[in-house]
Amino acid sequence: MQPDWSAEVHRELVAAGVRVVGYVPDAGHKRLIELCQADTNMRAVPLTTEEEGIGLAAGAWLGGEKTVLLMQSSGVGNLVNVLGMVKVCRFPLLLVVTMRGEPGEFNPWQVPMGQTTARVLETMGVAVRQAGEAQTVAPHVHTALRLAFEANGAEAVLIAQRVIGIKSFQEQRNQ
Amino acid sequence: MTLRRREVVNELLRDRGELLVIAGLGSTAWDITAAGDSPLSFPMWGAMGQAAMMGLGLALAQPKRPVLVITGDGEMLMGLGSLATIGVQAPANLTVVVIDNERYGETGMQRTHTADGVDLAAIATACKFKRTITVTNDVAPVREMIYRSGGPNFAAVKVADEKLPLVLPPHDGVLLKARFRRALLGESADVLPEER
């Protein structure tokens, strides 16, 4: 039985006092998004592009609230320039990223960004934690929350594609 | 009579009271500084396209305070999707004002899309903003929007395409962030919570 990483991460966000969750949907984040939407103490904010999440999180922090952003690896590519603001202002940041483009990926157009997600983040000054197993996701999020909001860290937890499941075209069609 | 940007911004920020201000990079950051620097103003030096989203985050975190985003037409055009995101969240305390000179003022006064008729207020209307307006000669309705809540509100203020002396705010991002939080949240902004 796989640990329920989505519920564990939601509990970590609650314990850390996260009140705003910005997201661009990903199939791997479906359950965590639903848990945040159902949580009356959280504001789940759908974004048109991941970049908006950086402004959202920075603005909320100016106002005294903690934000976490959920996205898939391709969305990391949309963040690059605005991560400059995170670095120069030392805004706290936590990205929870579900990976695409890893071995077994059915869509070849996901591969280039998936292969470079960690390097892109690190190049822009975001510390990367790789969660390769379901049971390691929540502990990584726990550590990253502390570093983000107590040390003004810019942190990302990357959840491996094998943790969220690799879908074939046929499975996508049947969803 | 054509509106002039510094006079417009001075008028919008006069007797600002509880107002929290985010300014987009470039001319609007200089404009709010010319009107009088304040710790409760956050002038952006980069992150083009994110001013409105900064305002949304701040408005959600501080629902009892009026929040004003004051930015340029080029900056707003880079973040049009954020108008849709704001429309969905519908914060009553947020007003977005675009100081629209129809030019990219920092890069050689090239024409923006608004010079060719792109209507930002109409886009905001389509994105479910409660009140939207374009003004060309009187900013009193914009002031009323900012200080009376009932938002999200959007105003495009058409101004002359003039190049003005730079009036620069502090440039250190950490300072801008820290002074804003301290002025808004008090000393608690600087200390870690005791409970874990």
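Two strands are said to pair if DSSP finds at least two bridges between them. Helices (H or I, at least four residues) and strands (E, at least two) are DSSP runs, numbered from the N terminus.

This is a predicted model, in which local features need pLDDT of at least 70, side-chain atom pairs count only at pLDDT 80 or more, and totals for chains, interfaces and linings use all residues. Residues are numbered from 1 along each chain as its sequence is written.

**Strand β3 of chain A**

| Partner strand of β3(A) | Sense | Bridges | Residues standing opposite |
|---|---|---|---|
| β1(A), residues 18–23 | parallel | 5 bridges | A:Val21 and A:Val68 |
| β4(A), residues 93–98 | parallel | 4 bridges | A:Leu95 and A:Leu69 |

**Interface of chains A and B**

Chain A contributes 29 residues to the contact and chain B 28 residues, where contact means heavy atoms within 4.5 Å. About 2300 Å² is buried between the two chains, 63% of it from carbon and sulfur atoms; this buried area is the accessible area (1.4 Å probe) that two parts lose on being put together, summed over both. On the side of chain A that touches chain B, β2 (43–46), α3 (51–62), α5 (83–89) and α7 (134–151) each supply at least two residues. Of these elements, α3(A) gives the most, with 9 residues.

Methods: Chains lettered and ligands numbered in written order. Heavy atoms only, no water.
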